[in-house]
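The sequence and structure come first.

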Amino acid sequence: MGVEPELMLMVVVSWSLLRGTGEGMVWALIGGVSLDLLSGAPFGMMTVALLVVSFLSGLGERSVFRTHILLPVVMALVTTLLYDLIILLILALTGRPVAWTDSVVHVVLPSALINTLLIPLVFWTLQWLHRKTGREEIHW
Amino acid sequence: MSVKRLPAGSLSLLVLIALAIVGMVLNETGQLEALKGLALRLTTPLQARLATLTSSLSDLTQAARDLRELRQRNEELEAENARLTIENVRLEEDRAENERLRALLNFTQVNPDYDYKGAEVRARVIGRDPTNFQSYLIIDVGSEQGIARRMPVVTDRGLVGRISEVGPNWSKVLLIVDPSSSVSALIQTTRATGTVRGQIGGSLLMDLIPQKDAVHRGNIVLTSGMGSNFPKGLVIGQVVEVHQRDIEMFQRATVRPTVDFDRLEVVLSITNFQPLLIETPEAEATTEP
């Protein structure tokens, strides 16, 4: 029962960076609802967390460094911390026992590390898809 | 007297026939031996070379034929190998499933007091909770198969958890290693009681063990049946570490679950066990199948 990479989070972060907040939030909604259906946690928890993450990542779309691999790497680190903390907060608010220190040490930090290491693979894959399917806009 | 004119070539034919008859006569009388010997002596090396060349050509065509046959045979063997590999995998899966079912059957025979409903974890991909903070499984039986909330879920190796949510043909199982799970337990040998709670990371902690009771590393932890949430006597795990401090009211023990939650494929839900419901009316209403 170890920590596993959060694929949906990486997809939403990458797509938001490539296509902006609008499209990112659509996928955050679809992905979040799908995860909520599978989860035993309060319904809507994953959707809320992914929407916040998507909004934050979408801000990076306007950056001139948005295609630089360092941006998704840094964004994965920041958003994983935020995402997991939102989940813990919602679990605590809905009356579930949350061991904050254990959760941060044994889950949040390891999953941030794993996501940070793996996001280049997800980002490059989605970047290829983005170039195949999307438009390339220049923001002035 | 007039000479009749012969057709063209007739003379050459007559000459050749005459020569052949002369040759035959000479051969019969042994006059041609010397000439034949000379001819053979001159042609033997050439014949030998021709024979070698012919043999080589024959070998080459045979080799080409053999290669074609070998390729065909190789393709057949590869196809056979692939078929046998697939069959072997299928048989291996059948054998493993047979072992699991046999183990579950043994468990049900040893514990005949309960009605069991076999349930198979739907798939590993969707069978686990997507967050890293919770431990749920999704199984492929639900209210249509008689499953209801709070029913205990077990395997032959021990307690898995309890049904937390029920759909028509699926259910979510809250595992005992989830931090929100709590099970009344006792130590098999000393009968010391306590409460087993799930921990982040998939381990268990047995808490609220009275200081006067003895707890040792290696002790087996069972469900106590207190609180009527689980049947009595189901194996939970084994004590791996005891945390005892004189200044605290209770002892605690780290427990390693006997069930390998990462490799769960088939579980059993005990359908005739009636858990005691001490929940809100809203929760009780949703308990009905």
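Two residues are in contact if their C-beta atoms, placed from the backbone, lie within 7 Å. In chain B, among contacts between residues at least 6 apart in sequence, 56% join residues at least 24 apart. The model is predicted: local features need pLDDT of at least 70, side-chain atom pairs count only at pLDDT 80 or more, and totals for chains, interfaces and linings use all residues. Residues are numbered from 1 along each chain as its sequence is written, while chains are lettered from A and ligands numbered from 1 in the order in which they are written.

**Chain A against chain B**

Contacts between the chains involve 20 residues of chain A and 22 residues of chain B. On the chain A side, two or more residues each come from α2 (21-38), α4 (70-93) and α5 (100-133). The most come from α5(A), which gives five residues. Helices (H or I, at least four residues) and strands (E, at least two) are DSSP runs, numbered from the N terminus. By class, this side of chain A has 12 nonpolar, five polar and three charged residues. Here Ala, Val, Leu, Ile, Met, Phe, Trp, Tyr, Cys and Pro count as nonpolar, Asp, Glu, Lys and Arg as charged, and the others, Gly among them, as polar.

**Helix α2 of chain A**

The end C-alpha atoms of α2(A) are 25 Å apart, which agrees with the 26 Å that its 18 residues should span at 1.5 Å a residue. The expected span is 1.5 Å times one less than the number of residues. A residue is buried if 20 or more other C-beta atoms lie within 10 Å of its own, exposed if 12 or fewer, and partly exposed in between. In α2(A) the buried residues are Gly24(A), Met25(A), Ala28(A), Gly31(A), Gly32(A) and Leu35(A). Seen down the helix axis, they fall within an arc of 135°, so they line one face of α2(A); the arc is that of the directions from the axis to the C-beta atoms. They pack against α1 (7-19) and α3 (45-58) of chain A. Gly22(A) and Leu37(A), on the other side of α2(A), are exposed.

**Chain B**

Chain B has four helices and 12 strands, and buried residues make up 26% of its 289 residues. Most residues other than glycine have a negative phi.
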